[in-house]
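Visitor: Hi, could you walk me through this one? I'd like to chat about how its parts sit together.

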Amino acid sequence: MIPEILPTYNRAPLAFAHGEGAWITTTDGRRFLDFGAGIAVNALGHANPDLIATLTAQAGRLWHVSNLYHIPEQERLAALLVEHTFADTCFFTNSGTEAMELAVKMARRHWHAAGAPERSTIIAFEGAFHGRSAAAIAAVGTPKMTEGFAPLLPGFVHLPWGDMAALEQAIRQPGIGAVILEPVQGEGGIRPLPDEDLRRVRELCDETGALLILDEVQCGMGRTGRLFAHEWAGITPDIMMVAKGIGGGFPIGAVLATEQAAAAMTAGSHGSTYGGNPLACAVAARVVETMTEPGFLPEVRRKAGLLRQGLEGLVATHPAVFAGVRGSGLMLGLECRRPPADVVAAGYDAQVLVVPAADGVVRILPALNIPDADITEGLARLDRAATALAKVP
Ligand SMILES: *Cc1c(COP(=O)(O)O)cnc(C)c1O
């Protein structure tokens, strides 16, 4: 433990010095195959030459300029996102949590402007993760996250994940203004909402007027093999939170919204010093351009097939360690018969990085452009990890 750093994280005894593609090297020179990508952040791999060129070119021009002025890089990124999504408008933040804050404010303000301020309550789901701010922990309400932080922000109700019968009831209660969910829960253990259920959520929102807020911070930006996970269900949200993969490792988040959902967010209603700064927006625009090139997402889906097949093989070979595979695209979960923390630690020994999650799952979230050979290598290392773990009683 480093006393100079607040001990809010359980850190592995590893420190990294540099990376390249799907590889990352410790300060003492050990190379790890990275199946975690900084929890779905390094979407185009470490030290991506194209992103380095974009970042350094922008760094030589202008780092920061206030949102008191027009920011061309921000406008370019917004235009790209609007072109490729349901959205009419975007606000840029520095993180997913900040996107959550705005999503909540936007939903409340929408109903305030509509003359129904009592519709301030948002339905959220158990096992969700929307960040660690006051609003985000209140939204999820897990005791682990909220303990000691009372009084919590009011205005949230929690339903069991995927409980459509409970939603049918709850959404018709007075005071409900919005529903927030991750199309695929990430921290919750790679738990997708079936497409037909997501379509039903959209219908229920249409019926009752509730806004649909999708948190695609983890499952968005190409992760599932479409630019955004909700596209698989053929629906669109009213408000969407984005972060993680969009910056490829540079801190940036965004709220995307329809004109109607966002209409009440007028001048002075929200702001951020750094949000939408030129460095972040230049890099993110390059990420979005890359992911929307015609061949990119089909290639993610092809790689996803390889990875999934390999993981199914691991489950078959190591039935004492793994129970199954879940998820889609390059957002996959290994259901573990051993504590996920033990599987992750065995991975460290075999020099492969994977990420723990709730619900007994270990997440596999490689860079979306991971070479096939590195998928094979990562699987081989996971095989060694599982072999070693199976020997431990
Ligand atoms: C990581 C995450 C967040 C929080 O994003 P930060 O950038 O850590 O603030 C919110 N929602 C989901 C689904 C996430 O995975």
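Guide: Happy to. Helix 12 (residues 340-349) lies across strand 13, strand 14, strand 16 and strand 17, at about 40 degrees to strand 17. The axes are lines fitted to C-alpha atoms, for helices over the stretch in contact, with angles from 0 to 180 degrees between N-to-C directions. Helices (H or I, at least four residues) and strands (E, at least two) are DSSP runs, numbered from the N terminus.

Visitor: Before we go on, what kind of model is this?

Guide: A predicted one: local features need pLDDT of at least 70, side-chain atom pairs count only at pLDDT 80 or more, and totals for chains, interfaces and linings use all residues. Residues are numbered from 1 along each chain as its sequence is written, and side-chain values use heavy atoms, leaving out hydrogens and water.

Visitor: Back to those strands, then. In what order do the 4 strands sit in the open sheet?

Guide: The order is 13-14-17-16, with antiparallel pairing; two strands pair if DSSP finds at least two bridges between them. Strand 13 (322-328) and strand 16 (355-356) are at the edges with a single partner strand each, so one side of each has no neighbour in the sheet.

Visitor: And how many bridges join strand 14 to strand 17?

Guide: 4 bridges link strand 14 (residues 331-336) with strand 17 (residues 361-364).

Visitor: Switching to the core: which residues touch the most other members of the largest one?

Guide: L311 and I364, out of 63 residues in that nonpolar core. Such a core is a set of buried (under 20% relative accessible area, 1.4 Å probe, protein chains only) Ala, Val, Leu, Ile, Met, Phe, Trp, Tyr and Cys residues joined through side-chain atoms within 4.5 Å. Domain 1 (16-34 + 294-390) and domain 2 (50-291) both contribute residues, so the core lies between them; the bounds come from an automatic or database domain assignment.

Visitor: What does I364 touch?

Guide: Its contacts (heavy atoms within 4.5 Å) include F35, L307, L311 and V354, leaving aside residues up to four places away in sequence.

Visitor: New topic: is S133 buried or exposed?

Guide: S133 is buried, at 16% relative accessible area. S133 sits in the loop between strand 5 (121-125) and helix 5 (134-140).

Definitions and conventions. Buried < 20%, exposed > 50% of the residue type's maximum accessible area, 1.4 Å probe, protein only.
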